[in-house]
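Thanks for making time this morning. Please have the sequence and the model open while I talk.

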Amino acid sequence: MGELPGGGRLAIDWGKARIGVAASNRGTSLAYPVQTVRASAREMPELVALVQEYEPGAIYVGLPLTLKGERKQAAQFAIAKATELASLLSPVPVRLVDERMSTASASRTLSGAGHRIKEQRRIIDQAAAVEILQRAIEWETRTSCLAGESVGEGEES
């Protein structure tokens, strides 16, 4: 499958109101929250600026599949946004990764850390992006391949 690209990684949890962003540094296996970007006409320039700042070797975008693994409206939305982002960031690979249960898992983690549900709203998207990125990094570590599928392809890892 080829060599993994160098650099750290970014993950994006794309929602209709908020976009969570997480990162990992080159050579580490730990994802951390970066920020929440408000979904708006300015989202793409803000995300491109984050990519320029962090210089990732790959970007993972959460693909919200149904529990049965189907691609419904939310998945189509994420694919469209990922495709738009990929066109602005070429040649940085943008990959779609299954994000099922990432928000639920992030909420459990935040609750376990003492954050009440009301407090979670401002950081849940970042925490979900951390979950997405952590899974992708674990995949890379196990397989020496990028996780998920390239934007525009139909195969998923």
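A salt bridge here is a side-chain nitrogen of Lys or Arg within 4 Å of a carboxyl oxygen of Asp or Glu. Side chains of opposite charge can pair when their charged atoms come close. Also keep in mind that this is a predicted model.

Take Arg71 and Glu149. Their side chains meet in a salt bridge, at 2.6 Å from N to O. Where do Arg71 and Glu149 lie? Arg71 is in the loop between E4 and H2, and Glu149 is in strand E6, so this pair ties together parts that are 78 residues apart in sequence. Now their surroundings. Arg71 has a relative accessible area of 33%, so call Arg71 partly exposed. Glu149 comes out at 1%, and therefore counts as buried.

How many salt bridges does the structure hold? The count is 5. I will show two others besides the one we just saw.

Glu140 pairs with Arg9, with 2.8 Å between the closest N and O atoms. Glu140 belongs to helix H5 and Arg9 to strand E1. That is a link between distant parts of the chain, 131 residues apart. Are Glu140 and Arg9 buried or exposed? Both are buried.

Next, Arg18 and Asp125. Here the closest N and O atoms of the salt bridge are 2.6 Å apart. Helix H5 comes in again, because Asp125 sits there, while Arg18 is in strand E2. Arg18 has 34% relative accessibility, so Arg18 is partly exposed. Asp125 has 9%, which means buried, since the cut-off is under 20%.

On to the sheet. There are 6 strands, and the sheet is open. Read across, the order is E3-E2-E1-E4-E5-E6, and the pairing is mixed. Which strands are at the edges? Strand E3, residues 32-38, and strand E6, residues 149-150, each pair on one side only. Recall that E6 is where Glu149 sits.

Now look at E1 and E4. Strand E1 covers residues 9-14, and strand E4 covers 58-63. They run parallel, joined by 4 bridges. As background, strands of a sheet pair through backbone hydrogen bonds, either parallel or antiparallel.

Helix H1, residues 43-54, touches E1, E2, E3 and E4. The direction of H1 makes about 155 degrees with that of E3. Helix H2, residues 73-89, touches E1, E4 and strand E5. For H2 the angle is about 165 degrees, taken against E4.

Let me stay with H1. This helix has 12 residues and spans 16 Å from its first C-alpha to its last. That is close to the 16 Å expected at 1.5 Å a residue. Which residues of H1 are buried? They are Glu43, Met44, Leu47, Val48, Leu50 and Val51. These residues cover an arc of only 155 degrees around the axis, so they sit on the same side of H1. An α-helix has 3.6 residues a turn, so residues three or four places apart point the same way.

What does the buried set pack against? The partners are E1, E2, E3, E4 and H2. Turn to the other side of H1, and Gln52 and Glu53 are exposed.

Last topic: backbone details. Glu55 follows H1, in the loop between H1 and E4. Glu55 is not a glycine, yet its phi is positive, about 50 degrees. With 62% relative accessibility, Glu55 counts as exposed, because the cut-off is over 50%.

Ser144 is another non-glycine with a positive phi, about 60 degrees. Look for Ser144 in the loop between helix H5 and E6. Its relative accessible area is 45%, so Ser144 is partly exposed.

Finally, a cis bond. Which peptide bond is cis? The bond from Ser90 to Pro91 is, with omega near 15 degrees. Pro91 is in the loop between H2 and E5.

That is the tour. Questions, please.

How values were computed:
Residues numbered from 1 in each chain as written. Predicted model: local features only at pLDDT ≥ 70, side-chain atom pairs only at ≥ 80, totals over all residues. Heavy atoms only, no water. Pairing = 2+ DSSP bridges. Helix = DSSP H or I, 4+ residues; strand = E, 2+ residues; numbered from the N terminus. Contact = heavy atoms within 4.5 Å. Axes fitted to C-alpha atoms, helices over the stretch in contact; angles between N-to-C directions. Buried < 20%, exposed > 50% of the residue type's maximum accessible area, 1.4 Å probe, protein only. Expected span 1.5 Å × (residues − 1). Arc of directions from axis to C-beta.
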